[in-house]
Amino acid sequence: MPYVDIKVTDEGVTVEQKTRLIKGVTDLLQDVLGKDPATTFVVIHEVPLTDWGVGGMNVADWRARNS
């Protein structure tokens with residue numbers, strides 16, 4: 001029973017994109033590991049830029065500094 005946890009920044013990921021991610025990950029696990037799609041769970045979390053860190057700072061600040 002695979003469980004996949006996808007985290008992305010909350011920058012307007014659409015329902016269609018999430019649907020494609022869920023289907024793509026499910027298909028990949030079936031193709032590569034022979035896992036049953038009926039027992040494959042995929043969860044998508046949208047994380048605010050200020051809650052995601054890179055280079056010792058949140059992504060919003062990191063982008064401002066590096067743009």
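I count a salt bridge when a side-chain nitrogen of Lys or Arg is within 4 Å of a carboxyl oxygen of Asp or Glu. Glutamate 46 lies in strand S2 (residues 41-47) and lysine 18 in helix H1, so this pair ties together parts that are 28 residues apart in sequence. For the record, this is a predicted model: local features need pLDDT of at least 70, side-chain atom pairs count only at pLDDT 80 or more, and totals for chains, interfaces and linings use all residues. Residues are numbered from 1 along each chain as its sequence is written, and side-chain values use heavy atoms, with hydrogens and water left out.

I checked exposure next. My cut-offs are under 20% relative accessible area for buried, over 50% for exposed, and partly exposed in between (1.4 Å probe, protein chains only). Glutamate 46 is partly exposed at 34%. Lysine 18 is partly exposed too, at 22%.

**Other salt bridges**

How many salt bridges does the rule give? I get four. One of them joins the side chains of arginine 63 and glutamate 11, at 2.5 Å from N to O. Arginine 63 is in helix H2 (residues 59-66) and glutamate 11 in the loop between S1 and H1, so the pair ties together parts that are 52 residues apart in sequence. Arginine 63 is partly exposed at 35%. Glutamate 11 is partly exposed at 42%.

I also noted aspartate 27 with lysine 23, a salt bridge of 2.7 Å from N to O. These two are four residues apart in helix H1, so about one helical turn separates them. Aspartate 27 is partly exposed, with 27% relative accessible area.

**Fold**

I read two helices and four strands in the chain. They are DSSP runs, numbered from the N terminus: helices are H or I with at least four residues, strands E with at least two. The order along the sequence is β-α-β-β-β-α.

I compared the radius of gyration with the globule rule. The chain has 15 Å, whereas a compact globule of 67 residues would have a value near 11 Å. The radius is taken over C-alpha atoms, and the rule is 2.2 Å times the number of residues to the power 0.38. The C-alpha trace spans about 45 × 25 × 15 Å along its principal axes. Of the 67 residues, 19% count as buried.

**Core**

Which residues make up the largest nonpolar core? I list five: Ile6, Val8, Val25, Leu29 and Val42.

I then looked up contacts, meaning heavy atoms within 4.5 Å, and left out residues up to four places away in sequence. Valine 8 touches Val13, Ile44, His45, Glu46, Val47 and Trp52. Threonine 26 sits in helix H1 and is buried at 11%. Threonine 26 contacts Pro37, Thr40 and Val42.

**Pro2**

I found an "active site" feature at Pro2 in UniProt, from an unreviewed entry. Such annotations may be inferred rather than shown by experiment. Proline 2 is in the segment before strand S1 (3-9). Is proline 2 buried or exposed? I have it as buried, at 13%. Beyond its sequence neighbours, proline 2 touches Leu29, Lys35, Thr39, Thr40 and Phe41.

Definitions and conventions: A nonpolar core is a set of buried Ala, Val, Leu, Ile, Met, Phe, Trp, Tyr and Cys residues joined through side-chain atoms within 4.5 Å.
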